[in-house]
Amino acid sequence: MGTNYDEKYYEDRAKYYKVIVGLLLLTTLTFIQPHMFLTNVTFGVQMTIGLTKAILIVLYYMHLKGETLIGWTVMFALSLVTVFFITIMTDVHHFQFKDMSYITEHGADTNMHHATEKE
Amino acid sequence: MSHEEHGHEYVPEIATSRDGKQYEVQGWQGDFYGGKLGFWLFMLTEVMMFGAMFLVLTYYFSLHHDDFIEASSDFNVFLGGTNTVVLLISALTMGLGLLKMKHGDIKGAKLMIYATMILAFAFLAIKGVEWTEDYHEGIFLGLNALQPGHPESKPLGEILFFGMYFTMTGLHGFHIIIGIGLMLWLLKRINAGKVSPHHYILYFNIALYWDLVHLVWVFVFPYFYMIGAGDISGVLNGH
Amino acid sequence: MSKSYLDAGETHCAIGHPKSVFWQWMLTVDHKRIGLMYAAVIFTFFFVAVFIGLTMRIELFAPGAQILDGDTFNQAFTLHGVIMIFLFIIPGIPAVFGNIVMPLMIGAKDVSFPRLNWFTFWLYIFGALIALSSLWTGNGFADTGWTFYAPYSLNTNTNVLTTLVAAFVLGMASILTGLNFLVTIHRLRAPGMGFFKMPLFVWGIYATAWIQLLATPVVGITLVLAILEKVFGIGIFDPAKGGDPVLFEHLFWIYSHPAVYLMILPAFGIMSEIIPTFSRREIFGYRTIALSSASIAGIGYLVWGHHLFTSGMSDLAKTIFSFLTFFVAIPTGIKFYDWVATMYKGKIVLDSPMLWALGTMVTFIIGGLTGVTIAMIGSDIHLQDTYYSVAHFHYAILGGVVFLLFAGIHYWFPLMFGKMLNEKRAKLAFWINFIGFNMLWFPMFIAGYQGMPRRYFDYLPEFQIYHQISFFGAVIFISGLLYMFYNFFDSMKNGEPSGTNPWNATTLEWHLPSSPPPLENHTKVPYVDFNPYEYKHGQPVVKFDYETMQRID
């Protein structure tokens with residue numbers, strides 16, 4: 001087995017280790033955030049941390065940093081998903097039948113199906 | 001004609017322009033970049049698929065905000081967190097294995113694949129423990145807690161939350177099982193000499209696949225386990 | 001005689017080197033043979049669905065029950081839709097001509113992943129078999145309409161589950177086809193052929209492949225969620241568990257609207273090939289047609305909400321979707337103006353491919369413009385789910401996509417089989433089809449406007465006259481179809497040998513060394529330093545020596 005452990009190998013390996021440290025740090029943040037800071041926007045913070053981890057993984061572990069065409073295709077797909085999100089979430093935020101719908105929290109019908117009910 | 005079927009024997013054609021310049025023709029054989037591009041495109045379909053599932057989740061989070069937070073607060077962050085770290089390390093081992101293969105250390109690469117597989121099994125085992133716990137609490141697909149109209153029925157938002165939880169972690173686990181199968185196949189191909197330091201597109205693509213599986217979990221974990229962690233009284237809108 | 005790709009032994013196989021002709025076809029990875037096999041299967045399904053349609057027309061000839069009861073009628077229109085959409089038109093032009101012609105047009109030896117291409121064909125067959133199996137198991141075929149709207153699809157006890165699984169598998173086949181074509185077009189173009197030297201059919205296939213790749217997974221996961229709902233009751237689209245049926249509609253149409261662009265873009269690509277060849281001049285506005293294909297694919301992702309105008313969507317969303325729907329008609333309009341400009345001062349040759357292309361212009365304009373009328377929210381409230389919608393989409397899909405598919409068959413018949421179609425029969429068949437088509441579908445615009453609802457098994461007597469005219473149109477149309485296919489089969493056997501370039505066209509698929517094409521396509525891959533539609537005084541500019549593929553003009 002002729003191994004060829006040249007400089008490039010150690011360079012690339014160092015990158016992997018650096019990224020894993022970054023990911024572990026961000027994971028620690030994930031665990032402590034709901035108990036420590038910005039607790040009223042936990043969802044937003046958690047998703048931001050997740051997004052940061054994702055960018056590190058995609059750029060370095062998935063080698064997207066050096067790619068042009070593939071990078072554009074990834075951006076295209078992600079923009080589509082974003083458009084779907086924005087459109088549908090806008091639609092549901094302007095839900096015109098909120099007061100009458102069975103499935104909303106302020107909708108008609110008895111309230112036996114809601115979680116935070118005061119007796 | 002100047003080409004054969006198998007990757008190593010293929011000799012590309014040459015096209016000549018009118019002023020005599022020669023251009024190598026890219027054939028479908030031996031196209032490393034094509035293999036990379038093709039697999040990335042396949043992964044984009046997975047992005048669209050899991051993206052749509054996150055859309056469904058967010059849609060119902062919007063309609064049933066408090067129920068979602070309430071349901072999330074019950075989750076076992078310790079088990080889920082361990083799984084997060086397990087998968088994280090497995091992404092490292094997978095990437096290191098590819099690196100070793102590129103530099104000729106086939107034995108080291110195979111060891112890394114074994115390590116990744118062990119971690120993958122560990123992930124599945126922990127997930128199995130979680131699901132079993134849920135089942136024993138009566139929270140599982142088809143059980144009364146997740147169907148309306150029973151005394152044990154959970155609120156509507158929680159029914160949807162748990163439904164999406166089992167769906168998404170189930171599909172994710174299914175992709176892990178496929179990943180383990182791919183790794184076994186990769187080992188076989190390495191032993192047959194078909195995957196080598198000169199011809200490693202298969203290893204490259206399987207590593208990409210594993211990174212995608214990890215990526216999905218990077219979002220699944222906080223969405224289900226963490227939105228209700230900590231003190232939730234400030235987050236619930238209250239009635 | 002040089003060997004052609006149809007001769008025994010002249011093919012590459014996925015597994016081994018079989019000696020029998022049967023296994024050489026079953027295991028072939030050659031894009032030309034795979035395209036032919038797709039053609040054979042999809043047209044079989046097409047005729048099955050046509051006859052289901054005829055059965056519905058017979059039933060609807062008069063009010064009340066004639067030969068079907070209400071439940072069976074629901075299954076009939078569902079089956080008609082599922083076959084036509086998932087088994088026929090979505091594979092459609094990409095599976096047949098994308099496979100056979102596209103690699104030839106870019107000077108490639110095959111697609112980027114030939115074994116994947118083989119696998120994808122059999123995946124499609126597998127999905128088709130699953131769908132058809134539901135006819136004979138359980139409570140019979142689904143009765144929900146091809147759109148499977150929740151909550152009815154979740155609660156009905158007909159074989160919705162099987163059809164959902166089938167649609168998922170068929171979707172996978174569509175995705176893999178798109179993936180294969182995208183990599184092929186990016187990687188295997190002949191040296192010198194930049195994106196703006198590709199024929200416009202390739203642009204059409206390229207734009208389509210992006211839709212196949214990115215839109216299909218969304219409906220794939222929607223079907224999976226519906227399957228999980230039926231099996232495990234996860235509550236996703238069921239209001240009784242807090243789910244929202246409108247979400248199902250959103251997710252379903254996020255795919256199904258781009259799907260219609262998936263259908264029409266390759267068809268427009270065929271139009272862009274036929275018009276310059278039969279006008280004997282360069283296409284007008286090459287770049288705008290190419291970019292309009294890309295923009296239709298892009299903007300087409302943003303308009304799905306116009307299928308939800310009556311669903312309870314918010315007014316804000318409705319307004320945005322209406323605006324974008326108007327907007328997406330613009331690139332299509334640009335194409336039509338470019339085609340007409342190409343014909344202006346050209347030497348029009350009215351052979352059968354051109355007849356079909358021109359006929360399609362008439363029918364698609366009607367289909368497209370009526371679509372714009374229902375893009376207006378106000379009028380859509382009245383016309384949604386009436387025969388007006390049904391007429392609109394049949395004019396656009398049948399009179400647009402399928403007519404151009406037929407045009408493509410007439411155009412590329414000599415390429416596929418080395419024989420010419422009998423022109424007299426072909427032209428007569430066109431006219432029978434054209435007249436029958438319009439008689440079948442046009443009355444439905446009027447019936448729909450007057451209130452005739454779609455998918456209805458029974459109706460008020462005031463609508464009967466429209467159904468009767470449609471029925472006679474259907475009979476004429478189907479006769480035309482049968483006559484046309486008879487011509488195809490007869491010409492395959494007895495047609496005049498065509499030579500390699502009977503239409504004297506310019507694109508690379510007509511520059512093969514022999515007819516039908518040899519297994520390895522071009523003798524040598526040419527260097528492309530020319531545009532795809534270079535004509536001078538009605539004659540092609542570029543000429544090749546077919547042994548060396550060097551230009552000799």
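Predicted model: local features only at pLDDT ≥ 70, side-chain atom pairs only at ≥ 80, totals over all residues.
**Exercise 1. Work out whether the end-to-end distance of helix α10 of chain C agrees with its number of residues.**

Solution. Start with the count: α10 of chain C covers residues 245-279, which makes 35 residues. Next, take 1.5 Å a residue, applied to one less than the number of residues.

Then look along the helix for a bend. You will find one of about 35° at C:Trp253.

Finally, is α10(C) mostly covered or mostly open? Count a residue as buried when 20 or more other C-beta atoms lie within 10 Å of its own. By that test 35 of the 35 residues in α10(C) are buried, so the helix is mostly covered.

**Exercise 2. Describe how chain A touches chain B, then chain C.**

Solution. Begin with chain B: 49 residues of chain A contact 51 residues of chain B. On the chain A side, α1 (7-36), α2 (42-61) and α3 (69-93) each supply at least two residues. The top contributor is α1(A), with 12 residues. Sorted by class, this side holds 26 nonpolar, 17 polar and six charged residues.

Turn to chain C, where 14 residues of chain A meet 14 residues of chain C. Here the chain A side has nine nonpolar residues, four polar and one charged.

**Exercise 3. Locate the domains of chain A and give the distance between their centres.**

Solution. The assignment gives domain 1 as 7-66 and domain 2 as 67-107. Their C-alpha centres are 25 Å apart.

Conventions. Residues numbered from 1 in each chain as written. Chains lettered and ligands numbered in written order. Contact = placed C-beta atoms within 7 Å. Nonpolar A, V, L, I, M, F, W, Y, C, P; charged D, E, K, R; others polar. Helix = DSSP H or I, 4+ residues; strand = E, 2+ residues; numbered from the N terminus. Bend = angle between axes of the 7 residues up to and from the residue. Buried ≥ 20, exposed ≤ 12 C-beta atoms within 10 Å, placed from the backbone. Domains from an automatic or database assignment.
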